[in-house]
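Student: I am new to this structure. Please take me closely through one part of it, the place where the two chains meet.

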Protein chains: 2
Amino acid sequence: MRHFRTTKTDRKRKTRTMNLYIKRIKDLHSKLDPAILTELEEAFVDKKFAKGSYLLRPEQICTAHLLIKEGIARKFYIHQDREITIEIYFPDDVAISLDSYIMQNPGDVFIEALTELEVTVIDYSRFYKMKNKYPEVMMLDKMFIEYYAVWFEQRLRAFQTLDASQRYLKLLEKEPQIVQFLPVTIVASYLNISLETLSRIRSKVS
Amino acid sequence: MRHFRTTKTDRKRKTRTMNLYIKRIKDLHSKLDPAILTELEEAFVDKKFAKGSYLLRPEQICTAHLLIKEGIARKFYIHQDREITIEIYFPDDVAISLDSYIMQNPGDVFIEALTELEVTVIDYSRFYKMKNKYPEVMMLDKMFIEYYAVWFEQRLRAFQTLDASQRYLKLLEKEPQIVQFLPVTIVASYLNISLETLSRIRSKVS
DNA sequence: GCAGAAATTTGACACAAGTCAAAAAAATAC
DNA sequence: GTATTTTTTTGACTTGTGTCAAATTTCTGC
């Protein structure tokens with residue numbers, strides 16, 4: 001397997017359209033009562049995953065928020081023997097299979113470590129208890145889901161309104177690290193276009 | 001303007017894949033403390049809209065959840081002089097421009113009454129206060145957003161994996177009322193295909 | 001019921017993007 | 001450094017879906 005071009009110094013945050021909202025979440029997070037913050041941090045458990053391993057597989061129930069500390073991961077599903085990448089995670093992003101998590105039903109996605117990966121994990125039931133104990137925590141979780149919903153609505157819109165090369169150019173503008181650090185296979189599956197089409201687009205653009 | 005084929009007796013709920021989750025929300029809703037329930041109901045204000053009028057327009061800030069009591073509405077945006085329908089609402093559905101609502105920023109969508117419409121509206125700030133006062137209400141709102149997020153993720157997947165006729169057949173199976181009651185123009189813009197393509201698909205299917 | 005308007009269907013054609021296959025380039029192992 | 005494997009590019013061809021235009025059907029108002 002080839003090594004991706006990525007280093008520790010190289011991790012700018014994803015520049016999504018909703019950075020402001022992310023900022024608001026972080027602000028609220030940092031303004032939590034110190035006691036709650038401590039309790040929250042104690043609830044998190046660090047884990048490491050080898051490159052190529054899976055943090056979640058189909059048929060499993062997603063029981064955790066996975067906060068990426070170091071490395072790159074992605075979530076994908078398989079449709080007709082073809083992988084389609086839903087999300088790509090960099091440090092500070094949260095990986096989750098939302099439908100499996102909220103309904104505690106078996107999901108159908110893979111979450112894969114694309115590099116050596118360090119994550120910090122908060123377990124479903126422990127987080128659930130904290131949410132019920134502290135409305136502020138519930139509020140933060142709600143904001144996370146709101147962000148998630150709006151992000152998906154925007155991504156849907158990209159598929160409805162942009163053709164392959166427009167989607168590529170937008171990706172290059174909004175999430176350049178994805179194009180920069182990941183093999184074309186994965187970029188293509190994230191844009192939902194074929195390898196060959198992506199290759200042709202690239203040769204025209206540059 | 002033509003009248004849609006719809007009557008008062010004709011309103012089965014949308015059969016989305018997440019009916020179970022909807023049921024859970026309703027269960028929780030009905031199990032709310034009676035005092036809270038009353039306060040919640042008092043916060044709702046009924047409104048009527050004429051067919052063809054807009055409940056929300058671009059540049060406006062979405063300040064309310066709009067619960068449909070009677071009639072049909074839709075949310076759409078305009079891309080290159082072309083309307084793209086995001087969601088279609090039947091009685092019991094909640095119409096909202098989520099990104100505008102959560103960030104209290106001007107949005108870019110229309111919410112349009114497709115028939116004479118009766119809605120019940122809860123204002124942003126009043127709902128906000130109630131959410132902070134009662135964790136149960138916050139929880140319900142959070143579940144609503146979760147439902148919303150998962151629904152959008154599923155809709156995105158339909159666009160990634162299904163071609164035009166497969167999307168049509170899926171719509172026919174999952175949300176037959178949309179095909180049944182709405183003009184082809186709107187069905188096509190909901191499937192994000194051209195009128196002509198939809199027409200050809202229909203002639204092959206039936 | 002008839003005339004005009006609106007919605008829907010049908011036809012001809014264009015083009016974006018997929019597929020399959022093969023060549024070229026780049027990365028990895030020895 | 002060379003050989004092997006993997007990734008990326010290029011070419012030829014096919015197909016789904018859009019566009020424009022015209023014909024047809026269906027509504028609506030009188």
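Tutor: Start with a term. A salt bridge here is a side-chain nitrogen of Lys or Arg within 4 Å of a carboxyl oxygen of Asp or Glu. By this rule the count comes to 20 salt bridges over all chains. Keep in mind that the model is predicted.

Now turn to the contact between the chains. Chain A gives 34 residues to it, and chain B gives 34 residues. Together the two chains bury about 3,400 Å² between them. Carbon and sulfur atoms carry 66% of that area.

Charges come next. Side chains of opposite charge can pair when their charged atoms come close. Between chain A and chain B there are six salt bridges. One pair to find is B:Asp108 with A:Arg157, whose side chains form a salt bridge at 2.7 Å, N to O.

Which elements give two or more residues to the side of chain A that touches chain B? They are α1 (19-30), β4 (73-79), β5 (82-89), α3 (98-103), α4 (124-133) and α5 (135-161) of chain A. The largest share comes from α5(A), with 17 residues. By type, this side of chain A divides into 19 nonpolar, four polar and eleven charged residues.

Stay with α5(A) for a moment. A:Glu146 forms a salt bridge with A:Lys142, and their closest N and O atoms are 3.0 Å apart. Why do these two sit about one helical turn apart? They are four residues apart in helix α5 of chain A, so about one helical turn separates them.

Next, how do the copies relate? Chain A can be laid on chain B by a turn of 180° and a shift of 0.0 Å along the axis, with an RMSD of 0.0 Å. That is the relation of a two-fold axis. Of the residues of chain A, A:Ala149 comes closest to the rotation axis, with its C-alpha at 2.0 Å. The interface fits this picture: 100% of the interface residues of chain A are also interface residues in chain B, so the copies meet through the same surface.

Finally, look within chain B. The axes of helix α4 (residues 124-133) and helix α5 (residues 135-161) of chain B come within 5 Å and cross at roughly 120°. On the α4(B) side, the contact includes B:Phe127 and B:Met130. On the α5(B) side, B:Val137 and B:Met138 are among the residues they meet. The residues of this contact divide into five nonpolar, one polar and three charged.

Key: Residues numbered from 1 in each chain as written. Chains lettered and ligands numbered in written order. Predicted model: local features only at pLDDT ≥ 70, side-chain atom pairs only at ≥ 80, totals over all residues. Heavy atoms only, no water. Contact = heavy atoms within 4.5 Å. Buried area = accessible area lost by both parts, 1.4 Å probe. Nonpolar A, V, L, I, M, F, W, Y, C, P; charged D, E, K, R; others polar. Axes fitted to C-alpha atoms, helices over the stretch in contact; angles between N-to-C directions. Least-squares fit on C-alpha atoms with pLDDT ≥ 70 in both.
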